[in-house]
Amino acid sequence: MCDINDLDISDAYNLIIESETIDWLLLGYKNTRDVISLYSSGVGGLSEFRKHLRMDKIFYGFVKLNNQCVLITWLPEQFTGIRRARALVHSRSIALYLNLHYAQLTASDMSDLSEDNIRALLKLDRQTCQRSSSTSYLEERAQRFDTSPIQRRSISQDRRKKAKEFPVKSRHSSISGLAKLEMDKKAPAEKQKEEKEEEEKRQRLEEEEKQRMEEERQRMEEEERQRLEEEERQRIEEEERQRIEEENQRIEEEENQRMEEEERQRIEEEERQRMEEEERQRMEEEERQRMEEEERQRMEEEERQRMEEEERQRMEEEERQRMEEERQRMEQEERRKIVDREKEERAREVEQEMLQREQEIEKVRGLEEKEVLRQQELFEAKKMAEMTISGFISVQPNGTILWKRRFFTMKQKTLSFYKDELSATPLEVLDLDGVTLSNNMDLDFETSVPNSFILETKLNGSYQFAADDKQGLNAILSALQTVVSYQ
């Protein structure tokens with residue numbers, strides 16, 4: 001059961017039945033489960049009524065069309081289970097309360113509430129209607145409940161008048177404006193007593209009125225239910241004969257239509273699924289191609305950046321090496337100039353010593369010429385052995401293909417290598433004692449490197465050296481020939 005005691009519902013219902021003020025009303029729950037309230041009412045018929053419906057709520061409507069009324073249960077398909085069953089039960093209670101309706105309809109979408117459907121339900125056409133005027137409709141209602149339309153209209157108007165006099169406490173009151181004026185003239189104590197008595201009387205009257213209305217509603221509902229059951233029984237008996245005759249043909253036609261509709265729906269569903277599957281595969285293929293294209297572009301971009309970075313590093317390294325080689329070349333030129341000056345000075349010193357030696361030889365006539373020459377050669381060899389030479393040279397140790405440019409100094413039988421001319425500590429020192437020098441006629445052809453020669457050591461194997469030019473090579477070989485042996 002549901003609570004449908006809202007007086008606004010009965011007022012709107014009476015206005016639809018007894019006057020032309022409004023022609024539809026809309027009922028709903030308003031955040032409750034069993035209490036039915038008036039949502040809205042107005043004019044405009046079925047089209048205006050549809051504008052107030054929502055797909056997320058359950059509504060009950062009462063619409064007047066051509067002096068015939070239809071009771072509508074708005075039950076969208078999203079409501080299932082208990083809520084749907086409860087709504088259908090409540091619709092029967094509302095049908096008993098709003099009993100002056102010609103037909104009842106349960107709708108789940110707007111297409112169910114088209115004007116053509118409602119007119120077909122009410123068995124109306126667009127030119128005529130079964131009931132000629134609202135007067136006959138009111139007379140029929142008066143005959144059912146032994147109450148004239150004028151009496152019911154006066155009851156409704158009296159309710160609204162009382163509700164206006166006491167809008168806060170109650171919609172029914174028996175206190176008039178004149179009684180209130182007389183109370184204001186009396187003494188306060190007597191006035192309070194009379195107000196209290198009037199309040200008790202008003203509450204009593206309200207309670208009696210409420211009980212009377214409830215009893216009247218229950219009686220009307222019971223009478224209407226019995227009348228509807230009797231009419232339904234007679235209608236069923238009358239229609240049963242015709243229904244039986246038409247049933248087989250209708251069932252057969254409906255079955256054929258149903259099978260055709262099911263087959264059509266099945267084909268449409270299969271076609272829809274096929275199209276959806278094709279669309280899904282197409283989208284997946286497009287997504288895969290898009291991802292592959294993005295991955296390819298990303299890899300190409302990374303490769304391009306990597307190559308640009310390598311090219312930049314290579315150019316930087318080449319520039320650094322070029323600058324380093326230029327610096328070393330300039331330093332080597334400078335050192336070569338210094339070495340050349342030292343050689344020139346040593347040559348002049350040797351020449352002077354030779355002149356002095358010749359003078360001494362001329363003085364010492366008693367010595368034999370061969371002895372003098374031998375002594376001179378020994379002296380020259382000793383001089384060359386004690387002479388120190390230095391400069392830059394490229395070195396390739398045994399077992400590696402890498403060339404390393406080093407600054408070297410050769411003094412007596414020691415060959416020292418430094419990182420540069422400013423380094424005080426040598427990186428490596430070769431003892432030239434026991435070292436042999438390759439004495440092939442064409443050293444460049446043997447080593448495949450211009451201005452190069454090979455030193456064979458006992459401990460570390462062979463070392464290949466490359467001078468910057470032919471002059472430097474001759475200077476180094478001249479110094480080495482005094483301290484090493486030929487292979």
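User: How many aromatic pairs does the count come to in this model?

Analyst: In this predicted model, the count comes to 8 aromatic pairs.

User: Why is the pair of F392 and F407 called edge-to-face?

Analyst: The ring centres of F392 and F407 are 5.2 Å apart, and centres within 6.5 Å count as a pair; the planes stand at 70°, and an angle over 60 degrees counts as edge-to-face, so the pair is given that name.

User: What makes this pair a tie between parts of the chain?

Analyst: F392 belongs to strand β6, residues 388-396, while F407 belongs to strand β7, residues 404-411, so the pair ties together parts that are 15 residues apart in sequence.

User: How do you know whether F392 and F407 are buried or exposed?

Analyst: The relative accessible area is 7% for F392 and 5% for F407; since buried means under 20%, F392 counts as buried, and F407 counts as buried too.

User: Why is the pair of F417 and F465 called stacked?

Analyst: The planes of F417 and F465 are 10° apart, with 5.8 Å from centre to centre; because planes under 30 degrees apart count as stacked, the pair is described in that way. F417 lies in strand β8 (residues 414-418) and F465 in strand β12 (residues 462-466), so this pair ties together parts that are 48 residues apart in sequence. Both F417 and F465 are buried, and ring pairs link F417, F453, Y463 and F465 into a cluster.

User: Where does the charged end of K30 sit?

Analyst: The charged end of K30 sits over the ring of Y39, 5.5 Å from the ring centre, and this distance falls within the 6 Å that the definition asks for.

Technical notes. Residues numbered from 1 in each chain as written. Predicted model: local features only at pLDDT ≥ 70, side-chain atom pairs only at ≥ 80, totals over all residues. Heavy atoms only, no water. Phe/Tyr/Trp six-rings, centres within 6.5 Å; stacked < 30°, edge-to-face > 60°. Helix = DSSP H or I, 4+ residues; strand = E, 2+ residues; numbered from the N terminus. Buried < 20%, exposed > 50% of the residue type's maximum accessible area, 1.4 Å probe, protein only. Lys NZ or Arg CZ within 6 Å of the ring centre and 35° of its normal.
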